[in-house]
Amino acid sequence: MQVHQNYQLKKYNTFGIDATAKYFATFSSIDEFQEILDHPGAVTSNRKLILGGGSNILFVQDFNGIILKNNIRGISISAEDDEYVYVNAAAGENWHELVTYCVERNFGGIENLSLIPGNTGAAPMQNIGAYGVELADVFYDLRAFHIHDKKIIKFFAADCAFGYRDSVFKKKYKEQFAILDITLRLSKKPLLNISYAALQNELEKIDVSELTVKIISQTVINIRKSKLPDPGQIGNAGSFFKNPEIPAEKHEELLSKFPGIVSYPLPNGNSKLAAAWLIEQCGYKGFRRGDAGCHEKQALVLVNYGNATGKELYRLSEEILLSVLKKFNVQLEREVNIIN
Ligand code: FAD
Ligand code: EPU
């Protein structure tokens with residue numbers, strides 16, 4: 001166990017922000033985690049941030065606390081019956097490697113979530129979602145360690161308050177728990193979800209007699225590679241904002257003023273707007289100031305072309321928020337976790 005001081009975080013966040021942490025340590029077991037919590041660096045730090053792959057955070061300044069990087073590994077089948085298999089994965093497992101493990105065994109349910117960066121422990125944090133599927137659809141339970149009470153608590157789906165890119169861990173229990181592992185309930189007789197238009201369109205181009213989880217996974221990988229910037233090439237954290245939900249009357253009003261507006265009906269009668277479209281209409285697609293910018297192919301993704309600071313990216317996000325509010329009277333909400 002080693003606790004580093006004034007530790008450089010550039011390679012620990014996919015935005016590639018050059019910030020430091022007052023203290024930094026990695027842990028590969030619960031015992032090691034508890035040992036670090038007893039270290040003076042942790043005891044004297046008011047803020048304790050659990051870190052996964054760093055693909056959904058923006059450091060806007062140096063972190064004046066301890067960062068604890070969760071490297072607990074392991075994937076196993078914890079139970080099964082005729083229909084379902086329960087796959088348990090430790091928080092430090094790479095999410096896409098877990099998807100690959102399941103796809104190779106034909107366990108259905110997370111193939112649409114292929115190639116989402118980051119680690120398994122962060123997946124419930126914001127209820128990751130893509131191509132018509134959310135983690136909540138297959139989530140069974142998780143174990144989390146309460147950082148102050150030092151107790152392990154089990155959460156079932158009903159305890160997590162999952163919403164669109166939301167959960168209790170993002171709001172009510174923010175920075176209180178270290179998620180240790182999660183269990184997913186996956187199907188042995190996969191029911192494929194091809195409801196998402198972009199996925200359906202891509203599948204129509206492929207000549208196959210029968211769709212499989214493997215084909216869905218590969219198709220999602222292909223779409224993602226063609227649309228989203230690779231953080232290995234350009235710093236980014238995926239969608240910077242959520243797609244806003246608005247009531248029917250507001251949608252009618254916007255549609256009459258902006259007939260091209262991109263929206264999706266929701267079961268509750270509201271509509272979800274494509275934030276990328278709103279941002280593009282405000283002229284930010286491909287915008288660049290210094291090294292902070294808005295991606296040229298996907299307006300919802302803010303990018304660091306090299307040496308942008310967290311503050312510069314945050315300021316750009318503020319400018320975009322205000323611009324969208326002024327033009328459409330729609331309030332965007334950040335999806336990325338802002339770390340002050
Ligand atoms: P981190 O960035 O390390 O952490 C995110 C937050 O979770 C932080 O607040 C952190 O403190 C907390 N956290 C992390 N691990 C734990 C833990 N074990 N216990 C408690 N708290 C923890 N997301 C989607 O939903 N759908 C997408 O399609 C998608 N596409 C993306 C594409 C790109 C190119 C990129 C860069 C990101 C994308 N994302 C997407 C966002 C990101 O991949 C997910 O949010 C992912 O789950 C973050 O995982 P991470 O391990 O990197 O989390
Ligand atoms: N669009 C524009 N301009 C752009 C890009 C897109 O007008 O620059 C319009 C297009 O009409 C397009 C629509 O926006 O049809 C939606 O775009 P896309 O399919 O790329 O999806 P998105 O709404 O931008 C969401 C998620 C992604 C997820 C994809 C696929 C959010 C905030 N983002 O993006 O998640 O991968 O759908 O399901 O919900 C993430 O969370 O980091 C993330 C990447």
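**Entry 1: ligand 1**

I began with ligand 1 in this predicted model and found 33 residues around it, of which Ile50, Gly53, Ser55, Gln126 and Arg224 come nearest; a residue is taken as near a molecule or strand if one of its heavy atoms lies within 4 Å of it. I noted for the whole notebook that residues are numbered from 1 along each chain as its sequence is written, and that chains are lettered from A and ligands numbered from 1 in the order in which they are written. I also noted that local features need pLDDT of at least 70, that side-chain atom pairs count only at pLDDT 80 or more, that totals for chains, interfaces and linings use all residues, and that side-chain values use heavy atoms, with hydrogens and water left out.

I then went through polar contacts, which are pairs of N or O atoms within 3.5 Å, where within protein one must be able to donate a hydrogen and the other to accept it, and residues adjacent in sequence count only if both atoms are side-chain atoms. A polar backbone atom of Gly53 is 2.7 Å from an oxygen atom of ligand 1, and a backbone N or O atom of Pro117 lies 2.9 Å from an oxygen atom of the ligand. For Ile179, a backbone N or O atom lies 2.8 Å from a nitrogen atom of ligand 1. Taken alone ligand 1 exposes 980 Å², and the protein buries 94% of that, with accessible areas from the Shrake-Rupley method and a 1.4 Å probe (for residues, only the protein chains shown count as cover).

I looked up which elements build the shell: strand S3 (48–51), strand S8 (129–130), strand S12 (177–187) and strand S13 (235–239) each supply at least two residues, where helices (H or I, at least four residues) and strands (E, at least two) are DSSP runs numbered from the N terminus. By class, the shell has 17 nonpolar, 14 polar and two charged residues; Ala, Val, Leu, Ile, Met, Phe, Trp, Tyr, Cys and Pro count as nonpolar, Asp, Glu, Lys and Arg as charged, and the others, Gly among them, as polar.

**Entry 2: ligand 2**

Around ligand 2 I found 24 residues, with Tyr131, Tyr164, Glu280, Gln298 and Glu335 coming nearest. An N or O atom in the side chain of Glu280 is 2.6 Å from a nitrogen atom of ligand 2, whereas a polar side-chain atom of Lys227 lies 3.3 Å from an oxygen atom of the ligand. Ser239 takes part through a backbone N or O atom, which lies 2.8 Å from an oxygen atom of ligand 2. Taken alone ligand 2 exposes 830 Å², of which the protein buries 82%.

Helix H6 (213–227), together with S13 and H8, gives two or more residues to this shell, and H8 supplies the largest share, three residues. I recorded the classes as twelve nonpolar, four polar and eight charged. Ligand 2's shell draws residues from both domain 2 (75–187) and domain 3 (235–339), so it lies between them; the domain bounds come from an automatic or database domain assignment.

**Entry 3: two loop residues**

I checked Leu115, in the loop between helix H3 (95–104) and S8, and found a positive phi near 65° in a residue other than glycine. Glu175, in the loop between helix H4 (157–160) and S12, also has a positive phi, of about 55°.
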